[in-house]
Amino acid sequence: MRDGAKNPLLSALSVAMVDHGIEARTTLKIGFLAPLSGSLRAWSEPGLFGCMIWRDRINAMGGVKIGMRRHMVEIIPFDTCYEPDRVLEGIRTLIHQHNVKFILMNGGNDLTAEVRDVISASRMLVACLLPSDLSPDVPTLIAPSEVHPIYNVTGVDWLSRNAQHLKTVSLCGQNDLFGLPSVATYRAAFEVAGIDIVREEFFPVDTTDFEPIVSRMLEPKPDILCWDTAYEPFVDALTRAAYRQGFKGQLLSCTCDNYSQLIRQTSPEFMEGFVFQFPDFDDPALADSQVNFENADAFYREYCERFPGSWSAVSWEYASTLELWRMAVQRARSAEPFSVLAMMKFGGVGHHAFGEAIWWGHELFGIDNALVGDWPVVQIEAGKARIQEMVSIHGWLERHTDVLVRHLRAMNLMWDQRHAHALRGQEAFAQDDV
């Protein structure tokens, strides 16, 4: 057959391959910028594990389809070591050397002014876990999965309705941009609930001895001990200290990772009724049709098989964010950050893991870049964490945003204040308040 006779066939075959998305595939790169070593590794590494499961599932299905082409996904981790210079190096490396299209971050102290400048200048789409990091000067910074710390109001709200005998609380938190906004949120939530804060304790992130902290918290004989948003090693140490010092009341925390280990280290009776905000994903409540995390139970089983003993509050969160990103990429027919962001926020409504949610935040962050909906309240029952109720964060905010704003301003933590105090150390934040 002459070469000329082959061309029509080859052209038709090429069209067919493109139509079915089976032509040679390119790669979409996603950056993961977080502490992956040191004491805060437990706050980030499980999230990376969840991303790996998501990546493998998407690639097994042929990748992300953009128009008529399919793109495999690559996750590129960069360990920040919780050091500002490393974060700055990492975000520049991911953007300029690896040409990533999307970056996942914890946020908080990692989002320095210099890092924020890089995000703005590059117009890179970055997802963090803290809407308290959001501000209008970084319009491509979003919080689409976890809305820390504002979801913490739901645990306090649930307790106030279901355990009305609880009237006093001692509260503690680490002295950084994870802990301090959470303290302000808990202050607001306890005020609304009519629960009096009788003791507050702030501690630096290098704290190793928690016995004196718990001892001071117990002095006023509170009904509740609240660990705020303490990192996993701190929650573990605080809880064991409370057990050793004979506390018999209600425990409340943002997280309680590895709670089965804490049950073994303390007792089932001591841990019974512990309230926190993050379910295991084999919880029957997550089979509800309103939940948008597909096959949560299967994800949980695969995670526990591949990464045994590491399930935590963040295990599912980045995977959930990546799925929101994938759907937006496919609808936008583009992976370019601004196009994806526009499609993510189209109509002002998004499919959050726990149900439909709205893009919100102008009142607190100066920009509607947080996806806010319902959030689970979890309680330990007979050794297993179980969802008690999906509580509306937005419903609470509609009634009490002014209270939350007042407490954030009192601690210089509103977005406009953070700009004014950008050069102040984190210890100064707490010292001003104490």
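**Model.** I am working from a predicted model.

**Core.** I began with the nonpolar core. The largest one has 153 residues. I looked up which residues make the most contacts inside this core, and found Ile103, Trp227, Trp316 and Trp325. I then picked Trp316 and listed its neighbours, leaving out residues up to four places away in sequence.

**Cavities.** How many cavities of 30 Å³ or more are there? I count two. The largest cavity holds about 70 Å³ of space. It is lined by 13 residues, and those closest to its centre are Ser132, Leu364, Phe365, Leu408 and Leu413. I checked which elements give two or more residues to this lining: helix H6 (179-193), helix H14 (362-365), helix H15 (393-410) and helix H16 (415-420). By class, I get 10 nonpolar, two polar and one charged residue in the lining of the largest cavity.

The second largest cavity has a volume of about 30 Å³. Its lining is made up of Pro35, Leu40, Trp43, Tyr82, Asn106, Gly107, Phe178 and Tyr231.

**Ring pairs.** My search of the whole structure gave 32 aromatic pairs. I looked at Phe49 and Tyr303. Why is this pair called tilted? The ring planes of Phe49 and Tyr303 stand at 55°, so the pair is tilted, with the ring centres 6.4 Å apart. The pair links distant parts of the chain. Phe49 sits in helix H2 (residues 45-60) and Tyr303 in helix H11 (residues 296-306), 254 residues apart. Are these two residues buried or exposed? Phe49 has a relative accessible area of 16%, so I class Phe49 as buried. Tyr303 is buried too, at 0%.

**Helix H5.** Last, I checked helix H5 (residues 152-162). This helix is mostly covered, with eight of its 11 residues buried. The buried residues run from Asn152, Val153, Thr154 and Gly155 to Val156, Asp157, Trp158 and Leu159. What do the buried residues of H5 pack against? I find helices H6 and H15. I also find strand S10 (250-252), strand S11 (275-276), strand S15 (374-381) and strand S16 (384-392).

Key: Residues are numbered from 1 along each chain as its sequence is written. This is a predicted model: local features need pLDDT of at least 70, side-chain atom pairs count only at pLDDT 80 or more; totals for chains, interfaces and linings use all residues. Side-chain values use heavy atoms; hydrogens and water are left out. A nonpolar core is a set of buried Ala, Val, Leu, Ile, Met, Phe, Trp, Tyr and Cys residues joined through side-chain atoms within 4.5 Å. Buried means under 20% relative accessible area, exposed over 50%, partly exposed in between (1.4 Å probe, protein chains only). Contact means heavy atoms within 4.5 Å. On a 1 Å grid over the protein atoms alone, a cavity is a set of points where a 1.4 Å probe fits but cannot get out, and a pocket is an open set with protein on both sides within 12 Å along at least five of seven lines; lining residues have an atom within 4 Å of a point. Grid points are joined across faces, edges and corners, and a volume is the space filled by probe spheres set on the points. Helices (H or I, at least four residues) and strands (E, at least two) are DSSP runs, numbered from the N terminus. Ala, Val, Leu, Ile, Met, Phe, Trp, Tyr, Cys and Pro count as nonpolar, Asp, Glu, Lys and Arg as charged, and the others, Gly among them, as polar. Rings of Phe, Tyr and Trp (its six-membered ring) pair if their centres lie within 6.5 Å; planes under 30 degrees apart count as stacked, over 60 as edge-to-face and the rest as tilted.
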